[in-house]
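User: I have a model open and want to go through it piece by piece. Can you take my questions in turn?

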Amino acid sequence: MPLPRAGGLDLGGTKIEASLFGPDWDVLATRRRPTPTESYAALLDALAEEVAWLRDQARPGLPVGLGMPGPIVPRQERFIAVQLPLAGERLAADLAAATAGPVPVENDANCFALSEAVAGAARGAETVFGLILGTGVGGGLVAGGAVLHGRQGYAGEIGHTGVPADVLSALGLPVFSCGCGRRGCFETCLSGPGLSRLARHLAELDLPPQEVTARAAAGDPACLRVLEVWSAIAARLIETLQMAYDPDCIVLGGGLSRMPGLLEQLRAALPDPPHYGQMAAELRLAEGGDSSGTRGAAIMAEART
Ligand SMILES: [Zn+2]
């Protein structure tokens, strides 16, 4: 086995994934287990076991990082993540004590962006926005190989900014309620559940998102129209990202990024020539697949330890 350089953990609501990475950030070994949600102690034990497993495969002191949902700023001790028994607990300090060394923690969308910027589709780009179109809509910004966190860890949480009124008006859409408590967020239309919502509203179809994209790929006119509307809204989100960050590259990830012909649809929906600036957005599909979360956590750990 090539010499491992770092390990990463990805903590989700249903599973914990642990991966060991080699010289080119290639996966050398990986394993998954269900996330214990019954107690904080059980969750901490499981994470500590995975750190120990990674170091057993490599060496003591191997840099290991943890990616997880929720806003995270470096050196913060308490984290917020719905579905996980973490309220009021000091996860970073407890995990460091249980594993005899620091295990830096990073937001999972930031891990995705870092993975793609350093070792994925945006290798070599200076400023990279990683945009996740999945169960939710989120993202992270990497500049010069480092994640921008902002003051409270919210930088890049673009899914909860609003769809512009002119877009809703032109497409004949209402202002949908969002899970965050507000109305009209991009996430209400662009997430997987958002795509289903558009299908219900525009075509009276009650379908899971993957069925909408499959029917559109097969030429179903109603689902093609739904995807056209979805793409028009996604194009405005991309223009919003250009105005906010002007990144060299935008990498698309999450379940909806796997729909057939996504890049072509988005490019067709974006104004040509661009409304803002001279150059069209550089759009790419994520390369890291399911290992982006653990890879980003490992890259972050190597840089910080
Ligand atoms: Zn929202």
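User: How many bridges join strand β6 to β7, and do they run parallel or antiparallel?

Analyst: This is a predicted model, where local features need pLDDT of at least 70, side-chain atom pairs count only at pLDDT 80 or more, and totals for chains, interfaces and linings use all residues. Residues are numbered from 1 along each chain as its sequence is written, and side-chain values use heavy atoms, without hydrogens and water. Strands are DSSP runs (E, at least two residues), numbered from the N terminus, and two of them pair if DSSP finds at least two bridges. β6 (residues 127-133) and β7 are joined by seven bridges and run antiparallel.

User: Which residue in β7 is the bridge partner of Leu131?

Analyst: β6 and β7 form a hairpin, with three residues between them. Within β7, Leu131 has as its bridge partner Gly139.

User: Which residue in the turn between β7 and β8 has a positive phi?

Analyst: Two bridges join β7 to β8 (residues 146-147), again antiparallel. The two strands form a hairpin with two residues between them. The positive phi, about 60°, belongs to Gly144.

User: Why does the arrangement around the zinc ion count as tetrahedral?

Analyst: Donors are N, O and S atoms within 2.8 Å of the metal (3.2 Å for Na, K and Ca); water is not among the atoms, so sites may look incomplete. Here they are His160 (ND1), Cys178 (SG), Cys180 (SG) and Cys185 (SG), at 2.1 to 2.4 Å. Four donors count as tetrahedral if all angles lie between 85 and 135 degrees. The arrangement qualifies because its angles are 103 to 119°.

User: Is Cys185 buried or exposed?

Analyst: Buried means under 20% relative accessible area, exposed over 50%, partly exposed in between (1.4 Å probe, protein chains only). Cys180, at 39%, is therefore partly exposed. Cys185 has 2% relative accessibility, so it counts as buried.

Definitions and conventions. Four donors count as tetrahedral if all angles lie between 85 and 135 degrees; four count as square planar and six as octahedral if opposite donors are over 155 degrees apart and all others between 65 and 115; anything else is irregular. Helices (H or I, at least four residues) and strands (E, at least two) are DSSP runs, numbered from the N terminus.
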